[in-house]
2 protein chains.
Amino acid sequence: MSKQNHIVIIGGTACGPKAAVRARRCDPSARITIIEQGEDLSTATCGLPYYISGVIDNEDNMVAKQPDYFEITLDMEVLTGTRAMSIDPQAHTVKVMNIENGERSTINYDKLVLATGSKPLVPDWKGKNLDGIFTLSDIPDANAIRDYLSDSENKKQVVIVGAGLIGLEMAEAFVTAGCNVTILEALDRVLPALLDPDIAVMLEKYLREEGVNIVCGQRVTGFQGDENGRVRKVIAGDTEHQADIVLLSLGVRPDVALAKDAGLSIGSTGGISIDKYLQTSDPDIYAGGDCVENINLITREPVLAPMGSTANKHGRIIGTNVTGGREAFPGVLGAAIVKVFDYNVGRVGLNESQAREAGYDTVMSLVPSDEHATYYPGSRGFIVKLVAEKGTGKLLGGQVVGMGDAAKRIDVLATALTFGATIGDLADIDLAYAPPYNSAMDPLHHAANVIRNKQSGLARTLTPAGVWKKLENGDRFVLLDVRTPPEWQEQRIDGEQVRLLPLQELRRKINKLSVDDEIIIYCRTSVRAYQAQRILDGAGFKNVKFMDGSLDAWPHGTIPASTD
Amino acid sequence: MSKQNHIVIIGGTACGPKAAVRARRCDPSARITIIEQGEDLSTATCGLPYYISGVIDNEDNMVAKQPDYFEITLDMEVLTGTRAMSIDPQAHTVKVMNIENGERSTINYDKLVLATGSKPLVPDWKGKNLDGIFTLSDIPDANAIRDYLSDSENKKQVVIVGAGLIGLEMAEAFVTAGCNVTILEALDRVLPALLDPDIAVMLEKYLREEGVNIVCGQRVTGFQGDENGRVRKVIAGDTEHQADIVLLSLGVRPDVALAKDAGLSIGSTGGISIDKYLQTSDPDIYAGGDCVENINLITREPVLAPMGSTANKHGRIIGTNVTGGREAFPGVLGAAIVKVFDYNVGRVGLNESQAREAGYDTVMSLVPSDEHATYYPGSRGFIVKLVAEKGTGKLLGGQVVGMGDAAKRIDVLATALTFGATIGDLADIDLAYAPPYNSAMDPLHHAANVIRNKQSGLARTLTPAGVWKKLENGDRFVLLDVRTPPEWQEQRIDGEQVRLLPLQELRRKINKLSVDDEIIIYCRTSVRAYQAQRILDGAGFKNVKFMDGSLDAWPHGTIPASTD
């Protein structure tokens with residue numbers, strides 16, 4: 001590239017600085033200017049909940065690189081505290097304003113990069129500007145929440161509106177800070193954009209155990225404050241929730257104001273339209289990070305993917321392409337992982353609901369499992385849900401929830417999904433095994449094999465929700481518990497349909513069951529239940545299934561035994 | 001399948017029981033017989049080092065399923081304490097002997113499964129039968145070592161012969177038991193079949209820090225005992241090593257005696273030849289687990305893969321296929337993970353040496369990295385080495401060593417390798433990100449990008465071994481440290497060629513360097529060194545490289561600064 005190439009980058013959080021650094025490495029002589037409204041570049045916004053909780057106790061840790069690094073080491077011009085006001089694509093100029101003194105100026109560019117990020121979504125609710133109502137998207141937001149929390153009067157009741165990723169991370173942060181936390185979610189479950197109901201419900205059960213109050217299906221309508229203008233109540237229709245602090249975590253929307261005003265194409269999702277080279281509808285303007293729309297690699301449909309990981313990948317590609325390169329970004333899989341107290345919650349690809357919406361006929365497995373060999377100490381459990389296309393067995397997505405190492409399994413699934421793996425492919429991947437790290441069969445192998453067993457007709461199941469419905473309806477069927485008597489004593493499903501017949505006695509006492517009964521079998525994880533189903537199949541029973549995931553995936557109450 | 005199908009399985013550790021259970025699930029009416037020499041079925045042999053160290057304290061934990069489970073619950077015949085003596089493929093019979101009473105009998109089969117496993121390799125060394133010399137492959141071996149250790153006189157000096165997976169796991173077990181441990185390895189490094197020298201040397205450095213004495217390049221020639229027939233010395237040519245306990249961990253070889261006698265094809269690796277359906281040269285005889293040879297998915301060459309994970313996958317496929325199914329096993333990638341004290345050591349695919357042997361022109365990256373966002377507490381480091389094919393960028397393999405979460409990265413690489421990923425594919429996989437789990441760019445993304453930078457000519461490097469050689473040769477060049485003065489004070493490479501010029505001052509003080517000098521740059525992880533290389537490139541320097549992995553991958557000594 002010639003020395004004249006002037007690259008101007010608007011936005012200094014993740015995609016912008018990454019694009020700048022990459023551009024500098026690709027072209028040591030380019031002129032590079034970064035425009036950022038705030039005071040910092042390269043901020044670790046994904047860490048803000050941990051900064052608020054005090055897990056990260058120093059604000060300096062939230063800034064990866066000081067402006068000096070960009071200016072002195074990398075020979076760039078850095079305009080912090082500066083707002084980009086408008087773009088003139090024809091003239092190749094950006095009008096900017098110094099926020100402190102209001103001074104305006106015009107910057108010429110050869111290549112422009114829009115990394116304008118996203119803004120928290122805030123509906124026009126009555127009272128939304130009361131003191132004590134926060135959103136969280138940058139360091140000033142985080143400091144405001146920290147300050148408010150440090151006033152002991154504000155510590156009592158926290159209401160988090162929106163059970164998305166930030167809402168759940170902040171639930172932990174507020175509990176850590178000594179608050180009582182209620183999460184209000186308008187939809188029917190936590191992480192509704194990410195998890196299926198059968199996985200979300202297990203997370204909700206755990207959150208309640210951790211003392212978090214979860215209220216789903218309630219739409220906020222406004223807020224009430226006190227005489228000092230401080231929030232005191234969250235109003236949701238006829239219901240009120242006491243609140244000293246409110247966090248609005250309803251998700252984000254792409255900040256496309258500049259792009260829209262400049263006449264760039266905006267996609268159906270509301271993000272800036274880009275091609276695979278991250279070029280906007282103007283070939284001299286690139287865009288990346290939270291402000292653009294991505295392609296979902298499974299559906300090939302446009303989606304929003306406001307993730308720091310994606311923003312960094314975008315930044316590198318843009319840095320390459322604005323300096324004469326030609327790299328393409330393939331797309332995203334909606335991978336997400338979140339720490340919720342001691343639970344690891346991850347998902348990638350399409351969940352069952354999304355897959356059906358996308359027109360897939362699905363088959364799924366719900367598999368409670370240990371993260372590594374149970375005989376090696378310290379193994380923690382989780383539930384794996386895999387979703388595949390019926391017939392082809394094409395893997396569509398996965399969800400993992402529990403204390404075990406979910407992140408590893410999500411990343412393996414992300415990799416498998418990238419290459420269009422089938423369930424059969426997944427079942428045979430040579431994953432590394434040693435007792436401290438895994439079982440000889442990885443939980444993903446096991447979950448894939450359950451789907452293979454369903455596909456081949458060996459395994460027939462009913463979901464926990466399906467079993468619950470039958471119990472509620474008072475259906476006549478046998479809910480057969482095939483665990484041991486001590487397990488049965490400790491905990492079992494309540495219902496007159498429930499009967500105990502341990503697996504090891506099943507063949508001997510098989511005549512206690514009738515071949516014409518509808519029988520649904522459960523154990524703890526479904527391994528024994530599946531075995532029992534096959535034994536009954538072999539004995540000529542005609543209407544036998546087992547419950548997906550069994551007791552470990554049962555979100556409802558259980559009873560302790562009285563006398564048996 | 002008809003009721004007459006009699007499946008006879010020889011071997012009860014991993015593949016055998018898995019095949020039996022799967023066969024029963026596929027065909028509830030098949031007749032299934034398991035023949036096992038030992039007393040237990042389904043033993044957790046991979047956990048034996050942890051049973052010896054006491055991390056697993058109960059022998060019962062080493063047996064996953066009791067014979068009762070197979071007999072009563074699953075309706076099989078279990079012949080423990082029974083040795084298969086010979087097979088007559090024409091007659092479809094197996095001759096067996098009850099080990100206790102010597103009684104012999106003949107069993108007919110329709111389908112025979114060989115899961116005969118492997119045996120520890122023991123050369124015909126003088127004195128190899130002395131008391132105190134052990135191998136480790138089953139529970140009786142482990143109990144023998146435990147008993148010997150419990151005699152306090154035997155606790156002093158342990159010599160482990162062979163620095164393979166079991167040797168390293170046992171080094172930790174013996175140190176935990178209070179022993180002094182020396183590892184003798186005939187080849188030039190630890191885990192020589194798995195790791196490249198540049199990774200192995202970092203593990204050796206760590207093992208020495210943990211107090212383990214590592215001696216590479218010494219071939220054992222024999223042993224000397226005392227008057228009680230107890231081992232006292234290991235002899236390696238002219239060298240002697242005091243030894244109260246010796247563990248021979250030289251690897252295993254497939255136990256193919258029965259197969260060979262029956263006239264089945266044995267492969268070039270010494271394992272039983274099987275096709276992708278795990279059928280031997282006799283279509284009614286299947287084989288799986290340690291006794292067979294596998295196909296390496298990258299080279300398509302036969303290899304041995306004596307791993308519990310592979311044995312279980314084999315078992316499931318065999319169970320399917322002996323009951324009328326037709327499933328194929330694709331092959332292996334040589335995935336391995338091992339805990340060595342607090343280090344996690346993993347590898348998959350081909351290492352650089354293996355890739356070159358297989359005829360690939362290779363390009364590699366050596367990348368020290370943190371396991372997750374550094375600003376989130378508790379992040380541990382590791383070194384990632386990726387190997388790819390020059391030109392095509394096809395991923396060939398990866399190695400990870402350090403305290404960080406290596407297992408996740410190995411499993412992602414295993415998945416990517418399964419699908420023939422390129423380095424470019426790897427760099428853009430949508431891996432899940434949140435600060436407790438990862439950085440916005442996963443270390444694998446970073447390592448893949450380093451290779452892309454090398455491929456595109458942006459990054460030019462020399463290995464630590466190459467730099468060491470230049471220092472030893474007294475070559476004239478500048479070894480440029482671009483870290484900060486405090487880092488330089490704390491630790492730096494020793495040599496008259498070494499100079500400090502911090503990255504942030506590089507542009508300003510660039511005239512302190514000569515454009516014609518040969519300059520090799522290092523920092524801590526190579527991120528700054530690469531940046532410095534690009535700055536010097538841009539300033540017209542002609543002969544600049546950086547050192548792969550920099551100080552974090554430097555296995556040699558460093559000096560503390562005196563005065564600067």
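Reader: Is the crossing of H1(B) past H8(B) left-handed or right-handed?

Author: H1(B) passes H8(B) in a right-handed crossing. Bear in mind that this is a predicted model.

Reader: At what angle do helix H1 and helix H8 of chain B pack?

Author: Two packed helices are described by the angle between their axes and the distance between those axes. Here helix H1 (residues 15-26) and helix H8 (residues 308-321) of chain B pack at about 35 degrees, and their axes are 7 Å apart. On the side of H1(B), the contact involves Cys15(B), Gly16(B), Lys18(B), Ala19(B), Ala20(B), Val21(B), Arg22(B), Ala23(B) and Cys26(B). H8(B) contributes Ala311(B), Asn312(B), His314(B), Gly315(B), Arg316(B), Ile318(B), Gly319(B) and Thr320(B). By class, that contact has eight nonpolar, six polar and three charged residues.

Reader: How do H1(A) and H8(A) pack?

Author: The angle between H1(A) and H8(A) is about 35 degrees, with the axes 7 Å apart. Their crossing is right-handed. Among the residues making the contact are Ala19(A) and Ala23(A) of H1(A), together with Gly315(A) and Ile318(A) of H8(A). The contact of H1(A) with H8(A) comprises eight nonpolar, six polar and three charged residues.

Reader: How is chain A related to chain B?

Author: Two copies of a chain are related by a rotation about an axis and a shift along it. In this model, a rotation of 180 degrees with 0.0 Å of shift along its axis superposes chain A on chain B, with an RMSD of 0.0 Å. The two copies are thus related as by a two-fold rotation axis. The same surface serves both copies, since 100% of the contact residues of chain A recur in chain B.

Reader: How many residues of chain A are in contact with chain B, and which elements supply them?

Author: In chain A, 71 residues are in contact with 71 residues of chain B. The elements giving two or more residues to this side of chain A include helix H1 (15-26), helix H3 (67-73), helix H8 (308-321), strand S22 (343-349) and helix H16 (527-538). H10(A) gives the largest share, nine residues. By class, the side of chain A that touches chain B has 44 nonpolar, 14 polar and 13 charged residues.

Reader: Why are H10(A) and H10(B) described as roughly parallel?

Author: The axes of H10(A) and helix H10 (residues 406-418) of chain B come within 9 Å and cross at roughly 20 degrees. Angles under 35 degrees count as roughly parallel, and H10(A) and H10(B) are therefore roughly parallel to each other. Their crossing is right-handed. H10(A) makes the contact through Ala407(A), Lys408(A), Asp411(A), Val412(A), Thr415(A) and Ala416(A). From H10(B) come Ala407(B), Lys408(B), Asp411(B), Val412(B), Thr415(B) and Ala416(B). These residues divide into six nonpolar, two polar and four charged.

Reader: Into which domains is chain A divided?

Author: Chain A is divided into domain 1 (6-45 + 60-118 + 253-321), domain 2 (133-250), domain 3 (342-456) and domain 4 (461-553). The centres of domain 1 and domain 2 of chain A, taken over C-alpha atoms, are separated by 31 Å.

Definitions and conventions: Residues are numbered from 1 along each chain as its sequence is written. Chains are lettered from A and ligands numbered from 1 in the order in which they are written. This is a predicted model: local features need pLDDT of at least 70, side-chain atom pairs count only at pLDDT 80 or more; totals for chains, interfaces and linings use all residues. Two residues are in contact if their C-beta atoms, placed from the backbone, lie within 7 Å. Helices (H or I, at least four residues) and strands (E, at least two) are DSSP runs, numbered from the N terminus. Ala, Val, Leu, Ile, Met, Phe, Trp, Tyr, Cys and Pro count as nonpolar, Asp, Glu, Lys and Arg as charged, and the others, Gly among them, as polar. Domain bounds come from an automatic or database domain assignment. Axes are lines fitted to C-alpha atoms, for helices over the stretch in contact, and angles run from 0 to 180 degrees between N-to-C directions. Angles under 35 degrees count as roughly parallel, over 145 as roughly antiparallel, 65 to 115 as roughly perpendicular and the rest as oblique. A crossing is left-handed if the near helix is turned anticlockwise from the far one by less than a right angle, and right-handed if clockwise. Copies are superposed by least squares on the C-alpha atoms of residues with pLDDT of at least 70 in both.
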